[in-house]
Amino acid sequence: MLLHQTSWPEIETYLGRCQGILVPIGSTEQHGPTGLIGTDALCPEIIAHEAAIEAGFLVAPTFNVGMAQHHLAFPGSITLRPSTMIAALNDWIASLAGHGFKQIYFFNGHGGNITTLNAAFSEYYATWSMRGEPCPIVLKQRNWWELAGVMDTCRQLFPSGDGSHATASEISVTLHGYPHSAKTAAMSPRIAADGPFTDAADFRASFPDGRCGSDPAMASREAGTRIVRAAKTALIGEIQNFFDLPPKAQAAE
Ligand code: NI
């Protein structure tokens, strides 16, 4: 079930049997000359939507602009400041908690979100701690590539040159979801350099075409289908456990 394609009575009914919700969270940032700017939001969204159809849990709209200040020197990238993102996430969490959701699972597609997402959780928990009251909800974050079996699949598919940004793996996942989005471009060197960065100007100077350590020309729809299949299986197992969903609730409503 997708929250933005249901009505409020359907959500009320869902809350009667399950108080868990998955929020895909990503970023809107350049992904090299061939990767979609939405890659980091699309990857968790594609996996979550396929898993939700199979397992019958609820998926929120994608929080699709994250902390991407270091990509702002490339056209199209959008960022939230960490402080803005912490505030926005707390409003999403408080809204969902107010309806009775008790487990909120942030399914993340962008490494640059991890620190800020954790800070947002601390901010939310701090409100309850300072009141001296127990927090009624549990927050969890999980990066899609860290699900059991996913990195093994990616390493089998791309033993070298997968990289850390604009990776062949993540672009393959978007090709699985959007097969007609494939793009080509001349990229030199074949495998981009990798390393540390600070702000947007530093990032662009160090990684002129936007890639980090990757050869995205290896990406394929077929590879994406294998990665999504591995991720979906692991995600369903985690969600059933975290939401306390019985496996037989798998028949979607
Ligand atoms: Ni990415």
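What is the mean pLDDT of the protein, and what share of its residues reach 70 or more? The mean comes out at 96, with 97% of residues at 70 or more; pLDDT is the predictor's confidence in each residue, from 0 to 100. This is a predicted model, where local features need pLDDT of at least 70 and side-chain atom pairs count only at pLDDT 80 or more, while totals for chains, interfaces and linings use all residues. Residues are numbered from 1 along each chain as its sequence is written, and side-chain values use heavy atoms, with hydrogens and water left out.

Where pLDDT is low, the predicted coordinates should not be read in detail.

On to the rings: the structure holds 13 aromatic pairs (rings of Phe, Tyr and Trp, the last by its six-membered ring, with centres within 6.5 Å; planes under 30 degrees apart are stacked, over 60 edge-to-face, the rest tilted). Phe203 and Phe207 make a tilted pair, 4.9 Å centre to centre with 55° between the planes. Both Phe203 and Phe207 are buried (under 20% relative accessible area with a 1.4 Å probe, protein chains only; exposed is over 50%, partly exposed in between). Phe242 and Phe243 are also paired and tilted, at 5.8 Å and 40°. Phe242 is buried at 18% relative accessible area, and Phe243 is buried at 4%.

Lys140 lies over the face of Phe242, 5.9 Å from the ring centre, and the charged end of Arg131 sits over the ring of Trp128, 4.7 Å from its centre.

How values were computed. Lys NZ or Arg CZ within 6 Å of the ring centre and 35° of its normal.
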